[in-house]
Amino acid sequence: MLYDISTEIAIPYMVRFWIILLFYIPSVICSFFVLYHFLFDRTLRQAPHNHVIIILLFINLIVELTSFIWILNYYRLEYVWPQTYSFCLTWLFIDEAFYITTTLLFAWATFERHVLIFHDRLVSTRYKFLFIHCLPIVLLLLYCIFYSIIVVLIPPCKNNFDYTKIVCGSSPCYYHIRLTAMWDVIVNDIIPTMTIIVCSLTLLLRVIYQKSRMHQTIHWRTHRKMTIQLLSISLLYLFIYMPKMLIEFLHLCGVPNYVGKDFMSYAEFFAYYGNLLLPLVCAGSMPQLKKRILKLFPCCQRHIQTVTPSLHIVTCFEDLDNEHFYEIFEYFDYISSYEIFFNLNQRFRNLFINLPHPIKIKFSSLSKSIFKSAYENIILPYQHKIQVLYLSNPFIIDFFLLSNPLIQKFIHLQTFIIEDIESKYLENLLNDLLLLPNLSTLVIMCKHHYVSNRNNLYKQIFRLSTLKYCKLSLNPGKMFEYVSREGSDRISPNTETNRFSPITHLVIEDTIVLYELSALLSHVPRLRHLSINRLCTSRLDVQPNICPIVSQKLTHVYLHLGNVYFDVFELLIKNILHQVQVLHISTPADPKYLIANRWKSLILFYMPYLQIFDIDYHVYTSRVNGVIFRNLIDQFQSSFWIERQWFFAFHMKVIGNYCQIYFYSTDPYRKRQFTFDLELIKTTTRSTKQIQMNSVRHLELENENCIINSTNYFPNVTQLTCKENLYEETNYISSNILNRIFPLEQITELNIYLCDSYFKDLIQLIISLPNIHKLCLCGRKFQNDFDLLQQVDTFHNKIKDVTISIQCTFENMKLLVNLFPQLQHLTISMLKGCFVEILQYLLSKNNEKTPYLNSIWLTGFNRSLSEKIMAVLQSKKIRHVDSMPNSSHDIRLWCETILPSTNNNCTVEYDGHLLEEDQVIEIKGKLYKVEDCALQRAYNACGMYLLQMVSIACNVIQNEKHKVPSKRRVRKSLRRKLLTEACCETLCTVAEMIRYCPSH
């Protein structure tokens, strides 16, 4: 800013004093008011677009409480007081530093507002938010502080102050040095001003353009406030400061100083109003603050007479904005949302056709027709927008991998998860993945087939240039006590010195031989998290030779040690894992793992950075050895363990002359699975409070006493397994007891191992767990209480995936399947039994008990049944089915769903014409539609009013149940009138509407 004003304006000092004071008082009050609400209102405080505004208001308040008081004092006295060099330097520093800071910060705010409105995914994660939002603000503040200190407090020249003029009379001395003056005007004035102009205008144009495109998911109601707030401050800033800046720039470019001298004198004075009006503009541009201000002045509020409507106003689901529907679509995943909404009306079709966001696709359990429709309407047109792809249906996997190379066209794919893939597809699949430039997460889970060329597959994975997270299961279920890998099956070390994998998180769900570990780590030098489901030694390795490898970044290790005994594990720590900070291990039955002193030495000398130590130890031994183990565990109570807050629990169960022992870490407790089987004998923790096991997701219940006497609580458990002896007649555990150890409503997966259990107990257990989606029933048989038909009629559940491995008759199996009306996937595993009969029943075209069933997996049957099953699949009496035989006793089926109350094959004859289902005809000016093989009156229903019509129809039906016969004619007339007035576009019948009534 320039302060050397040689020409005085024609406004007396005292008039200037009162002009500024009249605005100064309300401005300061408004500053405190606005800042108070910004800082103490959580919603306003946490909104990213308010952060820069809060800083600007805070800086402005400091200026008002310092510089403006000195300005008023100057106009009152007509000279500067106190007349000291330090005071003038402080005044100059505050005026100069805060002016530059305000200008640069607001320029950044105008640019950042584009990011927050139109590219909000750039700040969607914590690290992106810190890097893109917080870091620029911090850097600008640091620049302004250091720049002002250098040019004002310790300048390369000397400042001369005149105590008879405002701000001690002169501009900073560095302004007379041409280079620094040009830097100040261009960098601190011109560039920020041009940024404010360009970004403000483009923001206004972009908002208007996006708002006019109704199919775009711009959050207008939220972003309108952000836009108005920014544009209001921009107009204030440009109107007051921009003319003065342009004249300053012209003077530095050689224009004589007398040009615009009078204007500059007035501009310098009225520039103060930029600070005075800023709090008022901020308060006025925010509806929340405006309402709160008006509450303080009741006389300013408009009194509006409220008229209560006589008719009941129904709030419609379809009244929601498009952006809310897109949030719903993302919550359910696009395929589930597509199945629910796409065929509802034209508005929802347009929402899917004009998808604005990256798409997350999950193909699991869905019918073939839904998949084909989604493939044609979403996958093919928007393959460039797919960001997440999840495949678990083997038929869909075959379609993707056997058809044209579709995967490599997903150029924006970031996360790819594929489960149940056959090993023969892996090599070609990985070659396609090499062409994806943004793939950062990869999960591959193979079928139960042995993968022979492991080395080549791992090398292909390590060649993926952008991969960060990788989870592999190439040989599931292959758990060998000793493994020997040779040739292409053995992972070889990396021989290319200039090519490394960028993977930072690696999870291996199958077996790794100890001598492969060093070779594996040589490919991933950036690895931070390593998890191996089974690490074992080779049969040939009496004393394994573990190659030392420097892995400085590997800090989190999760190992399930198959036959790796403690002596070998010590070598592993010393040669590879000496940088580990978090260690989770599940050990074999080697007593040396329970020697506390060996652990203490190993940790002190070779794991100095260890922060979390989690051990899981199981052993089945004699009762005599059980006493020895207990003495060993007592050593974990020394000060070494207590100081590090590492505590342990010891469980034991005596079975005759033998005992089962379980020793594990309790705090910090990181286990995903916990079993109630062994009774707690001792714990090293001093706390007697209930232990919160937050990490446990899978809970196994085996022992009744352990459950009843438990001091543990599992708040996040979602999977529950009940072993066979728990639900016998004498050992039944009520839901009240279970609710003491975990929240019943959180269970989504239930596994029950039955042994002569009662059917009624199963029903009661499922009723107590209302949110189960997946159920597995295994065991020998139920007791003879299957004749509970009344319970079946009133039994409600959300179960969609069921596995049944129980020997029972066809009638019992039929009754069991009918318990689950929302069933989508069914697995049946039996050596013999009613395979053929139950298959005929499930696939029958007339079966409406399980209308959503689309996937069946038959496994474990005898070879003699294979031909009978294939004969059923070729029958014309069943639905269309695709089959995939995996072996002579394993077959998967993919079938079409049967929607209730639909019949696409019937016709209706009218006036000599055959009308098909859903066909519409106009009769005497009224529309009729073929619905359920009958001609019914049809109405036009706009997308916005469809659910309102449904609500009206449902209310009419409900009210008619309570009406006397004499008033039914009036009600019928009213019903038709309301429905007719509400209809406008899409045809629908009353029968279609009342299907969606809650009580219909």
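Guide: First a working rule: two strands count as paired if DSSP finds at least two bridges between them. Helices (H or I, at least four residues) and strands (E, at least two) are DSSP runs, numbered from the N terminus. This is a predicted model, where local features need pLDDT of at least 70 and side-chain atom pairs count only at pLDDT 80 or more, while totals for chains, interfaces and linings use all residues. Residues are numbered from 1 along each chain as its sequence is written, and side-chain values use heavy atoms, with hydrogens and water left out.

Visitor: Good. How many bridges join β6 to β7?
Guide: Seven, and strand β6 (residues 505–513) runs parallel to β7. Isoleucine 508, for instance, has isoleucine 532 in β7 as its bridge partner.

Visitor: What about β18, which residues sit on each side?
Guide: Strand β18 (residues 719–722) has Gln719 and Thr721 on one side, with Leu720 and Cys722 on the other. All four are buried, which leaves both faces of β18 covered.

Visitor: Which strand pairs with β18?
Guide: Strand β16 (residues 698–701) pairs with β18 in the parallel sense, over four bridges. Glutamate 700 has threonine 721 in β18 as its bridge partner.

Visitor: Switching to charges. How many salt bridges turn up in the whole structure?
Guide: A search of the whole structure gives seven. To count, a side-chain nitrogen of Lys or Arg must be within 4 Å of a carboxyl oxygen of Asp or Glu. One of them joins aspartate 882 and lysine 368, with the closest N and O atoms 2.6 Å apart. Aspartate 882 lies in strand β24 and lysine 368 in helix α15 (residues 368–379), so this pair ties together parts that are 514 residues apart in sequence.

Visitor: Are aspartate 882 and lysine 368 buried or exposed?
Guide: Both are buried. There is also a salt bridge between arginine 892 and aspartate 420, at 2.4 Å from N to O.

Visitor: What does arginine 454 form a salt bridge with?
Guide: Glutamate 516, with the closest N and O atoms 3.1 Å apart. Because arginine 454 lies in helix α18 (residues 454–462) and glutamate 516 in helix α19 (residues 514–522), the pair ties together parts that are 62 residues apart in sequence. Elsewhere, Asp567, Glu570, Lys592 and Arg598 are linked in a network of salt bridges.

Visitor: Now the surface. Which residues form the positive patch?
Guide: Lys468, Arg526, Arg528 and Lys553. Patch members have over 30% relative accessible area and no salt bridge; like charges are joined within 9 Å, and nonpolar side chains (Val, Leu, Ile, Met, Phe, Trp, Tyr) within 5 Å. Lys and Arg count as positive and Asp and Glu as negative, with His and the chain ends not counted. A charge is placed at NZ of Lys, CZ of Arg, CG of Asp or CD of Glu.

Visitor: Where is lysine 553?
Guide: In the loop between β7 (529–536) and β8 (556–561). Lysine 553 counts as partly exposed because its relative accessibility is 38%.

Visitor: What about accessible area in the nonpolar patch?
Guide: Together its residues have about 960 Å² of accessible area, and among them are Phe131, Leu135 and Ile154. Areas come from the Shrake-Rupley method with a 1.4 Å probe, and for residues only the protein chains shown count as cover. Phenylalanine 131 lies in helix α6 (residues 126–153) and is exposed, with a relative accessible area of 58%.

Visitor: Last one: which peptide bond is cis, with omega near 0°?
Guide: The one from tryptophan 81 to proline 82. Proline 82 is in the loop between α4 (67–77) and α5 (85–118). That loop also holds glutamate 78, which has a positive phi of about 70° without being a glycine. Most residues other than glycine have a negative phi, and most peptide bonds are trans.

Notes
Buried < 20%, exposed > 50% of the residue type's maximum accessible area, 1.4 Å probe, protein only.
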